[in-house]
Amino acid sequence: MGKYGTIARLHELLTTRQISCAELAKKYLDAIETDNGRLNAYVKATPETALAAAEKVDAKIAAGRPIAPLEGIPMTLKDNISTAGIETTCCSKILKGYVPIYDATVWSLLKRQNAVLLGKTNMDEFAMGSTCETSRFGGAKNPHDTGRVAGGSSGGVAAAVGGNLAAYGLGSDTGGSIRQPASFCGIVGFKPTYGAVSRYGLVAFASSFDQIGPITQSVEDAALVYDAISAYDEMDSTSSGRKEPALPSLGNDIRGKKIGIAREYFDGVREDVNGAIRKALDVFRSLGAETVELSMPSLKYSLPVYYILACAEASSNLGRYDGIRYGYQTAHYTDRNDMVCKTRSEGFGAEVKRRILLGTYVLSAGYYDAYYKKAQNLRGTIVRAFENAFQKCDLMLAPTVPMTAFASGRTAKDPVETYLTDICTVPVNIAGLPGISVPCGTGADGMPVGLQLIGPKFSEAAVLNAANRYELAARESSFKAVKAGVSL
Amino acid sequence: MVTHEDVLKIANLAKLSVAPEELDGLTKDMNEIIAFADTVSAASADVSDFDNINGLSNVFREDVPVPSYRREDILKNAESSEDGYFLVRRRR
């Protein structure tokens, strides 16, 4: 299938001793040295951490002890996932030099499995963006065409995994930030149900939308990583504790499953993208699935509802950056208020400031009812629309993004136009549902297209199984290989 | 219509200072974003008792002290500290 760096394949190389774990880690670290200048995927490499974990795994293998599927697998974390002792900045000047004193729960879970952390990856500042270009370090580039964006906000993870500079990575998805870059980079991105994966240690953007999930080269890998990171966590009061492992469900028949197609998802979708999605639907039909046409008129409010609520939550969450306890502090000030204002104005980039201002505006007296409260009510309407839709179907299928990856440099020109990129991804976050993006061929420009599968809450196993069935049935036609990074 | 004064008022609430040369651009951006957000005010929502979309309830534990992070570790990330406290100078 051309997917030479999947977790299962690397695990096999390790257990059959075709390569040592340290050698494998070095291969990836060397590839980062060579190719990161071109892709700008990593903002920090962590070779000591990687090699220390690799040595532990090699010792286990040498002693003839079995290793778990994720042990020794080279991976990466988005720069908003806290790593004790390793700088975590959300690619923002305001967190420059911030070194967490604790691990995010997802990272401690993977660490226990001796995951080999290669480094922290690029992202839009505080995950606010759809191109990765609001990063303090400049945007990550698309491994399929470095003149184009990798997408965002988890653009660095997607560029790293898509460019074979990591076997997998964890990103965060507030309005599409895992699925959209995965779609742009031709790989798999999975956003679990809200509450399925602990957010402890994820730097908060919009707390009722944020969710951590895997970005991988295959659906099977996504299931493997999802199973490893979904666990009840008392440190996250929204942690659900509901857990059905996904991996054992892979391979289940999807004959007779009803796949809902809501026409609103296809408004404004580029014709070649639409064509790739329709072809994918034929594959689902050939697997015995049935399609059901749906109408969900309230989806047209998704984008403004998302931007109003996410910015409101962000304006509150980002209130903590005052220059006192961590991160950047302005050099000169006249009093404490001046210190806080200058620190924030110098530390936050333009897009973050725009969103804090919008959030503050919609929460301020006189506008709260018209915007914030109205958006909350519409959020309820959208939640109900999905509940009704899932009375009529088992899963829904939609494009992940209405277009393919576009040329770099667009964010700065038109913020609102860039927001439109998220039109097919935000509904899932509004309703707290699981959603996955799987490669489904290429557009007229030769760039990858992603299809999105959406399920009811906590239907991870069903979503991943259907995606896996599709991926295996579509084979090479869905997947475009990249010549970059590690080849084994 | 968002005016320069509105932007300055909101910026003050958000503890952001807006440089004079940023004001025009920011006001224009804010107007575009607000116009985009305005589509919701015209919409009719069928839910009015909406408060918890994720269906979660509060999680409590017994109020007993548990070990936490060490003070000196927490203070390591501060710009300045003194005698175990965060230090904020009057001016700098």
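This is a predicted model: local features need pLDDT of at least 70, side-chain atom pairs count only at pLDDT 80 or more; totals for chains, interfaces and linings use all residues.
Strands β11 and β13 of chain A, residues 395-399 and 448-454, pair in the antiparallel sense, with four bridges between them. One pair to look at is L397(A), whose bridge partner in β13(A) is L453(A). Helix α15 of chain A, residues 460-474, packs on the sheet here and touches β11, β12 and β13 of chain A. The direction of α15 makes about 10° with that of β12(A).

Now the whole sheet. It is open, has 11 strands and shows mixed pairing. In chain A the order reads β1-β3-β2-β6-β8-β7-β12-β13-β11-β9-β10. At the edges are β1 (42-45) and β10 (290-294) of chain A, each of which pairs on one side only. From one strand to the next, the twist averages 30°.

Next, β7 of chain A, residues 188-191. What covers the question of its faces is burial: V188(A) and F190(A) on one side are buried, and so are G189(A) and K191(A) on the other. β7(A) runs antiparallel to β8 (212-216) of chain A, joined by two bridges, and V188(A) stands opposite T216(A) in β8(A). β7(A) is also antiparallel to β12 (435-442) of chain A, here with three bridges. G189(A) has S437(A) in β12(A) as its bridge partner.

Last, the two chains. Contacts involve 37 residues of chain B and 52 residues of chain A. On the chain B side, α1 (4-13), α2 (20-37), α3 (39-42) and α4 (71-75) each supply at least two residues. The largest share, six residues, comes from α2(B). By type, the chain B side divides into 22 nonpolar, six polar and nine charged residues.

How values were computed. Residues are numbered from 1 along each chain as its sequence is written. Chains are lettered from A and ligands numbered from 1 in the order in which they are written. A residue is buried if 20 or more other C-beta atoms lie within 10 Å of its own, exposed if 12 or fewer, and partly exposed in between; C-beta atoms are placed from the backbone. Two strands pair if DSSP finds at least two bridges between them. Two residues are in contact if their C-beta atoms, placed from the backbone, lie within 7 Å. Ala, Val, Leu, Ile, Met, Phe, Trp, Tyr, Cys and Pro count as nonpolar, Asp, Glu, Lys and Arg as charged, and the others, Gly among them, as polar. Axes are lines fitted to C-alpha atoms, for helices over the stretch in contact, and angles run from 0 to 180 degrees between N-to-C directions.
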